[in-house]
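Subject: Structure handover

Hello,

I am passing the structure on to you, with the sequence alongside. My notes on what was found follow below it.

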Amino acid sequence: MKILKYIPKIAFVFMLLAVSSCDDSLTEINENPNGVDPNSANPNLVMPTVMSGVANRYVKLGYGRIAGVVQHTQEDAWKDGFNDYNWTEEDDEWKEWYGYLRNNNLLYNRSVELNYKFQEGVALTMRAFIFGTISDLWGDAPYTNALKGDAGEMLPAFDSQEVIYKGIIEDLKAAAAIFGTTENERDAAFYDIYFNGNTQKWQKFANTLLLRYYMRISSKLPDVAKAGIESVYTSGIYMKDASDDAVMDFIGTDANNSWPNAVAYDVSESNWRRRRPAATLINNLVANSDPRLKVWFQPVHVRWVSDPALATGMDEFIRKDGVIQTGIKSLTQMELKAGIAAGHKYTRHFNPTKYKPSHPDLFNGPLNTSEYVGIPAGMTDPTYYNENPTTGQQVQNQHASQLSYTYQGVKGGILKARLASASETSFILAEAAQKGWAAGNAETHYNNAIKQSLQTWGVADQYDAFLKSVAYKGTQAQIIEQKWVASWTMATEAWFDYRRTGLPALVPGVAPTSRALPLRFIYSNNELNNNGASVRSAIEKLEETSFSGVRKKNSQWSKPWLVQGTGKPW
């Protein structure tokens with residue numbers, strides 16, 4: 001992460017966003033005297049800007065509200081957009097991803113001009129990753145004629161997902177070929193914030209992305225997917241160890257270079273505290289004695305204890321080391337954290353024969369007495385869950401688990417933006433082999449995927465015991481379920497797998513009026529206003545569903561090409 005501290009010195013790249021889409025006939029008065037001429041830009045200085053921007057945005061999706069979609073996490077307050085998919089147009093998201101593409105286009109063009117082969121391969125790989133993410137999220141998008149504002153192409157047509165995915169695959173093949181014939185890039189190592197100029201790891205990354213996108217299109221173009229996956233598998237060049245993972249470390253210098261929602265930039269801790277593990281994931285981890293549970297999540301601070309001898313339905317006050325703390329109904333998260341660190345144990349008792357829910361319309365029990373407690377998906381008002389005494393805007397639910405305190409940090413350890421992993425690679429190969437494709441042994445790949453994920457999270461020593469709980473049974477459902485677990489903090493991949501397969505069989509809660517998980521992002525009004533004909537053409541190609549609602553085709557519940565005609569996920 002050496003280069004991140006030099007990012008202020010290369011901030012000129014952001015000045016180029018407008019330049020790259022403008023006509024060459026701009027007058028001198030419109031030129032930026034502080035900018036750098038794109039024709040003389042050093043590709044090495046552009047590269048970390050592209051890489052850090054993409055990594056930051058991707059982890060914010062996978063750790064953010066997409067984790068709510070796939071029920072890794074839920075928010076226990078202000079939760080409409082997170083738990084209930086009450087989404088609006090995605091203008092900012094769209095602008096960010098195309099902004100990265102404009103910078104990356106500069107990186108590519110300058111690399112080709114200067115014959116910097118390593119940088120050219122990086123640009124091709126990142127172009128595929130960014131365009132793939134855009135099409136994954138929205139559907140059809142500007143592709144062939146995108147990034148040509150300087151050539152007068154101000155209103156680019158939207159290409160189909162099929163065209164985009166095929167283009168992505170060709171870019172990744174070209175990148176892998178470049179990396180396969182290029183030595184480690186010593187001069188660029190300082191600027192390569194993923195792999196320090198290691199061409200072998202970049203080639204593995206490109207091929208892992210090939211596996212990802214071949215599997216992505218497998219329901220629509222099965223012959224292409226099968227041949228492609230078999231070819232990559234035969235090459236033997238793909239991520240095989242957690243040390244191969246495409247990751248970016250955080251240096252914690254400011255909010256842009258720190259883990260999302262880090263407490264250092266949120267004095268009240270509310271951004272961190274109100275994001276809780278979802279019951280769907282917690283229950284899976286507990287049932288399988290998954291060693292990642294304690295890495296990712298905290299036990300409840302105040303555990304419910306069943307006490308048939310209790311004279312009332314439930315304690316009004318907290319018990320500290322078994323002694324009722326008269327007058328104290330709750331403690332703040334920080335007070336509980338300090339008390340538990342000092343060795344104290346906090347509980348509340350209830351009589352199971354006398355207990356009656358305090359707010360049966362919002363939480364009708366039963367009380368969850370487990371050590372680890374997740375928030376059920378899509379509750380009408382999760383602030384009331386498990387008889388939380390601090391509801392509404394004061395919510396600090398002492399009876400539900402929180403994320404590990406590690407995620408209060410800003411850098412270091414497991415706090416990495418992960419773009420692709422060896423575990424994901426092995427799960428893809430396991431699924432391919434389970435389909436009967438020539439991709440090796442499904443069980444071997446499945447076992448490797450689990451081992452690699454445990455390696456990623458520092459609990460590889462518990463692999464043998466854990467594997468007994470999740471031993472391979474030969475089904476796609478089991479492969480996707482464990483891949484869903486392993487995609488923690490990169491939930492976008494779990495979402496796209498769910499959309500493609502309907503697995504795991506996630507059930508929306510009672511609050512979402514749609515009664516279904518969303519499938520895509522919404523094209524923004526800004527894009528409609530500025531490039532209306534192209535956007536409307538793309539919207540017309542979406543398939544309206546019974547869940548689409550008032551937005552009709554331009555809805556988060558409408559089906560893009562990728563799942564049309566597949567019967568998936570619902």
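Starting with one side chain: Trp570 has a relative accessible area of 26% and is partly exposed. Bear in mind throughout that this is a predicted model.

Aromatic pairs

Across the whole structure, the search gives 42 aromatic pairs. One of them joins Tyr98 and Phe131 edge-to-face, with 6.4 Å between the centres and 80° between the planes. Tyr98 belongs to helix α5 (residues 91-114) and Phe131 to helix α6 (residues 117-138), so this pair links distant parts of the chain, 33 residues apart. Tyr98 has a relative accessible area of 7%, under the 20% cut-off, and therefore counts as buried. Phe131, at 4%, is buried as well.

Trp570 comes back here as the partner of Phe547: the ring centres are 4.7 Å apart and the planes stand at 85°, so this pair too is edge-to-face. Both residues lie in the segment after α20 (532-540), and the pair ties together parts that are 23 residues apart in sequence. Phe547 is partly exposed, at 24% relative accessibility.

Tyr98 and Phe131 are also members of one aromatic cluster, which includes Trp87, Trp94, Trp138, Tyr143 and Phe158.

Charges over rings

Tyr523 has the charged end of Arg520 over its ring, 4.8 Å from the ring centre. In the other case to mention, the charged end of Arg216 sits over the ring of Tyr213, at 5.0 Å from the centre.

Helix α14

Helix α14 covers residues 422-434, which makes 13 residues. From first C-alpha to last it reaches 18 Å, close to the 18 Å expected at 1.5 Å a residue. How much of α14 is buried? Twelve of its 13 residues are, so the helix is largely enclosed by the rest of the structure. Among the buried residues are Glu424, Phe427, Ile428, Leu429 and Glu431. The cover over them includes the helices α8 (199-216), α9, α15 (442-456), α17 (476-486) and α18 (491-501), along with the strand β10 (416-420). Just after α14, Gly436 takes a positive phi of about 95°.

Ser231

Helix α9 (residues 222-235) contains Ser231. Its relative accessibility is 47%, so Ser231 counts as partly exposed.

Regards

Definitions and conventions
Residues numbered from 1 in each chain as written. Predicted model: local features only at pLDDT ≥ 70, side-chain atom pairs only at ≥ 80, totals over all residues. Heavy atoms only, no water. Helix = DSSP H or I, 4+ residues; strand = E, 2+ residues; numbered from the N terminus. Buried < 20%, exposed > 50% of the residue type's maximum accessible area, 1.4 Å probe, protein only. Expected span 1.5 Å × (residues − 1). Contact = heavy atoms within 4.5 Å. Phe/Tyr/Trp six-rings, centres within 6.5 Å; stacked < 30°, edge-to-face > 60°. Lys NZ or Arg CZ within 6 Å of the ring centre and 35° of its normal.
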